Amino acid sequence: VLAMPLFGQEIKVLYDEAELPQFTLPDPLVAADGTKITSAEAWRKIRRPELLAMFEAEVYGKSPSPQKISSRVLSEGDAFGGKATRRQVRIFLTGEEAGPHTDLLLYLPKSGSPVPVVAALNFKGNHSTSDDPEILLPKSWMRANDADGIKNHTATEKSRGAAKSRWPIERIVDRGYAVATAYYGDIDPDFDDQFQNGVHAAFYAEGQTKPAADEWGSIAAWAFGLSRIVDYLEQQDAIDHDRMIVMGHSRLGKTSLWAGATDERFALVISNNSGCGGAALSRRRFGESVRRINKSFPHWFCDNFVKYDDNEDACPVDQHELIALIAPRPVLICSAEEDRWADPHGEFLAGLYADPVYRLLGTDGLAVEEMPPLDQLVNSRIGYRIRPGKHDVTLSDWEAYLDFADKQLTSK
Ligand code: GCU
């Protein structure tokens, strides 16, 4: 369970639809100069780049141009009684062995043809995703301490499998999908250190000591890391490059949406319980608000995002436009009934208000106008599901992700 820091009572949390402010959302199909966007071409050439630039400058921060990665296989062997191959590979994010790296854990179903893959970062280290004793114990800084087998911010044997309920890897493999996961803290440790550690420092310009107000925070850095993982996956013949999926939960759900928006090699995007700064509309201020998130996690977004604390209406974008940036590729937004902090209704509405863009691009968009009943997957190009229970990733969530992917992605 991730701690939700509380900072006194001064920030009122809204949990009642009747108390929400009145607001008008920016129209994804009207350009900044007022031009109406009426064709797929105008979306592609004018509006999409404009929205992307605004999200970069005002919300997540702009990431640097990547360098060419390099990689080294650390181990390879059979898993699940020979049904799959387990490969662990170190990816050097700048191509240099001396630079930052992340260790990718890959389970590849043995199949005669290239397989689709779900790429997803993990919170507690690769070894936390499974009891598989062959998974290398990470040496990276761990956020938790003295819990789940973490001592001095370092993983111990005791933390093996600590998050396995969120990672039904054998089931995913049985459904024909590869799993590619890496520890998010390899890319940027999740605490506010003014970006001295992690991948940021490796990309500073001469004399630079921290990102500028419109440059990448941690979410953008994690998304950058996911793109470097795709750089690696693209080199693998065993992977179907037309069916690469990105999934993330919570802060990593915010990350998967941003990764999907910025990197079109992701053919399908899944956000689970992503909430504020993810799928939830910021202007609703339901549950976690922009002010609250910036105060608790000053390193997640770019510094410009602070301008919108209690001032969401001034932001030139809202999160339905983040969903629209994924169009026409399939996107699945998943909520949990008890996860009110993440504003399930606001997450649904972001999908609904992205629908006109998906329709302009010739897809079926979101097939419903009202929130579906619990556990009922809306399996249209914009997908939505809300299940009973808490902020978490469950087996039923994974079944829904793969049902969605089975329908929305077909091999060529
Ligand atoms: C906190 C935070 C959320 C975030 C979540 C998580 O609850 O306020 O924005 O999604 O942590 O990452 O688990």
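The crossing of helices H4 and H5 is right-handed, meaning that the near helix is turned clockwise from the far one by less than a right angle. This is a predicted model, in which local features need pLDDT of at least 70, side-chain atom pairs count only at pLDDT 80 or more, and totals for chains, interfaces and linings use all residues. Residues are numbered from 1 along each chain as its sequence is written, and side-chain values use heavy atoms, with hydrogens and water left out.

**Helices H4 and H5**
- The axes of H4 (residues 218–234) and H5 (residues 251–262) come within 8 Å and cross at roughly 60 degrees.
- The contact (heavy atoms within 4.5 Å) involves Ile219, Ala220, Trp222, Ala223 and Leu226 of H4, together with Arg251, Leu252, Lys254, Thr255, Trp258 and Ala259 of H5.

**Helix H9**
- H9 (residues 395–408) has 14 residues and reaches 20 Å from its first C-alpha to its last.
- Its buried residues (under 20% relative accessible area, 1.4 Å probe, protein chains only) include Trp398, Tyr401, Leu402 and Phe404.
- Among the elements against which the buried residues of H9 pack are helix H2 (169–174) and strand E8 (239–249).

**Backbone features**
- The peptide bond from Ala327 to Pro328 is cis, with omega near 0 degrees; Pro328 is found in the loop between helix H7 (319–324) and strand E10.
- Gln194 is not a glycine, yet has a positive phi of about 60 degrees; the residue is found in the loop between helix H3 (184–187) and H4.
- Asp310 has a positive phi near 50 degrees and is placed in the loop between helix H6 (290–296) and H7.

Conventions. Axes are lines fitted to C-alpha atoms, for helices over the stretch in contact, and angles run from 0 to 180 degrees between N-to-C directions. Helices (H or I, at least four residues) and strands (E, at least two) are DSSP runs, numbered from the N terminus. The expected span of a helix is 1.5 Å times one less than its number of residues. Buried means under 20% relative accessible area, exposed over 50%, partly exposed in between (1.4 Å probe, protein chains only).
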